[in-house]
Amino acid sequence: MSNSVTKSRMVIGMPVSLFWGYIAVALFMAGDGFEQSFLAHYIHHDLGIPEDKGSLIFSIYGLTAAISSWLSGVFAETFGAKRIMVIGVVMWIVLHAAFMQFGIVPHNYYAIFIFYGLRGFAYPLFFYGFFYWVVKETPDNQLASAVGWIWSMFTIGYGIIGYCIPYFFVEKLGSEFTLWQALIWAMAGAAITIFLLKTPQETKTEKTIKENHSFGHRMSEILSDLTLVFRSKDLAIALVIRAICNFSLFGVLTVVLPNFMTSNDGGQFTLHQWQLISIFIYPIQPFTNVLWGIIGDRIGWLKQMRWVGFVGCGTATILLYYVPTIFPGNVYASIAAMLFFALTITSFVPMGAIFPMLAPERKGAAVSIQNLGGGLSQFLGNALVSVIYFIGFGNYGVFIIYGVLYYIAAVLTYFIKLKQPGVDYKIA
């Protein structure tokens with residue numbers, strides 16, 4: 001596989017040629033994020049599914065997303081990023097419709113489990129296919145800034161739109177109606193990807209390699225790239241900390257907080273109040289994602305993630321338990337805790353730049369390993385909740401254990417050897 005490419009013109013850290021891709025990400029991830037603030041609550045309270053069985057639904061989703069994430073970067077490099085994105089968004093639309101028609105509408109637990117789990121394969125192909133495309137088009141010394149823009153668009157869609165619309169729809173029109181609306185947003189993202197996002201012309205070297213390499217040869221390269229993590233200590237450590245960095249985003253925010261915040265033993269909020277509180281994790285993120293990307297390119301990626309990310313986010317996770325417990329029913333106190341969590345978790349933006357820099361000759365494989373970390377974050381973040389509940393530690397155990405894992409990850413950053421802007425060289 002070749003990395004001989006012409007880098008795109010950059011404006012404030014964003015590759016101009018991929019502008020429509022950023023818009024497509026925002027729209028598609030809006031549809032994918034519709035259920036995050038209320039699905040766990042809906043499954044438990046409206047469908048009568050116990051919390052432990054409900055958490056299994058999110059766990060299988062995380063597992064399929066992890067597998068798909070691992071494959072997405074290498075597939076995008078081998079078969080083309082746009083092709084992989086289109087496959088991902090079409091899969092998502094079909095499987096979400098099946099999840100609704102055969103699972104949610106008839107209240108069928110097994111159909112929900114199967115189709116929601118299968119839907120986990122879809123979004124990583126779309127999102128991480130585009131992620132690889134951005135890495136391919138961006139100069140190395142501006143990677144964190146470009147990745148910051150990706151996560152900003154992700155946040156605008158998945159977070160702001162994906163949380164704000166359900167906040168207004170669920171109470172008045174119901175959860176089922178709201179979930180159906182996700183299809184509209186995903187279809188809009190699909191249309192932009194297919195009709196407006198242009199694939200750049202391949203270099204002569206890339207064309208020659210594709211013409212000379214058989215499908216069997218490409219598959220052997222894929223298998224070789226997917227095992228790269230076992231041959232690099234730095235990539236292996238980076239994979240571990242990449243998985244940990246979003247544990248609370250998936251495990252605590254999606255699985256635990258909707259029920260904890262609305263329980264008598266927790267925040268004592270109504271579902272509508274909790275949805276309002278949850279919205280506040282996202283409005284500042286489009287700005288902080290870009291800001292942390294720019295700052296990371298100047299002060300050093302690992303230093304920023306170590307202190308602001310892992311130490312900060314570990315503390316924020318623990319506070320998400322204590323603040324609503326000490327100040328039950330106090331919306332403003334919980335919003336403040338959410339804002340602190342949002343500020344710290346966005347400082348992980350440089351993570352997307354670290355992986356390709358650890359394997360510059362195999363960027364597609366490195367991005368796949370980074371994506372695997374994101375998928376494992378979702379799978380393990382959800383699955384660990386089930387384990388903690390099973391052994392009887394309850395909600396308190398979830399927040400404390402997750403916080404400690406962040407502190408451990410902060411220590412692990414000292415063992416990664418990496419040349420990075422702001423430390424070993426200055427950006428242009």
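A residue counts as buried when its relative accessible area is under 20%, as exposed when that value is over 50%, and as partly exposed in between. The structure used in these exercises is a predicted model.

**Exercise 1. Decide whether R119 and E35 are buried or exposed.**

Step 1. R119 has a relative accessible area of 0%. Buried means under 20%, so R119 is buried.

Step 2. The relative accessible area of E35 is 1%. E35 is therefore buried.

**Exercise 2. Find which side chains R119 meets in salt bridges, and state where the partners lie.**

Step 1. Side chains of opposite charge can pair when their charged atoms come close. For a salt bridge, the cut-off is a nitrogen of Lys or Arg within 4 Å of a carboxyl oxygen of Asp or Glu.

Step 2. R119 meets D32 in a salt bridge, with an N to O distance of 3.3 Å. R119 belongs to helix α5 (residues 109-119) and D32 to helix α1, so this pair ties together parts that are 87 residues apart in sequence. Both R119 and D32 are buried.

Step 3. E35 and R119 also meet in a salt bridge, at 2.6 Å from N to O. E35 sits in the loop between α1 and α2 (39-46), while R119 is in helix α5, so the pair ties together parts that are 84 residues apart in sequence.

Step 4. Taken together, D32, E35 and R119 are linked in a network of salt bridges.

**Exercise 3. State how many salt bridges the whole structure has, and classify the two residues of the K233 and D234 pair.**

Step 1. A search of the whole structure finds three salt bridges.

Step 2. One of them joins K233 and D234, whose closest N and O atoms are 3.5 Å apart.

Step 3. K233 has a relative accessibility of 51%. Exposed means over 50%, so K233 counts as exposed.

Step 4. D234 has a relative accessible area of 16%, and is therefore buried.

**Exercise 4. Describe the nonpolar patch on the surface and classify I194.**

Step 1. The patch is formed by F19, W20, I194, F195 and L196. Together these residues have about 490 Å² of accessible area.

Step 2. Helices α1 (19-33) and α8 (175-195) each supply at least two residues of this patch.

Step 3. I194 is located in helix α8. The relative accessible area of I194 is 37%, so I194 is partly exposed.

Note on methods
Residues are numbered from 1 along each chain as its sequence is written. This is a predicted model: local features need pLDDT of at least 70, side-chain atom pairs count only at pLDDT 80 or more; totals for chains, interfaces and linings use all residues. Side-chain values use heavy atoms; hydrogens and water are left out. Patches are made of residues with over 30% relative accessible area and no salt bridge: like charges are joined within 9 Å, nonpolar side chains (Val, Leu, Ile, Met, Phe, Trp, Tyr) within 5 Å. Accessible areas come from the Shrake-Rupley method with a 1.4 Å probe; for residues, only the protein chains shown count as cover. Helices (H or I, at least four residues) and strands (E, at least two) are DSSP runs, numbered from the N terminus. Buried means under 20% relative accessible area, exposed over 50%, partly exposed in between (1.4 Å probe, protein chains only).
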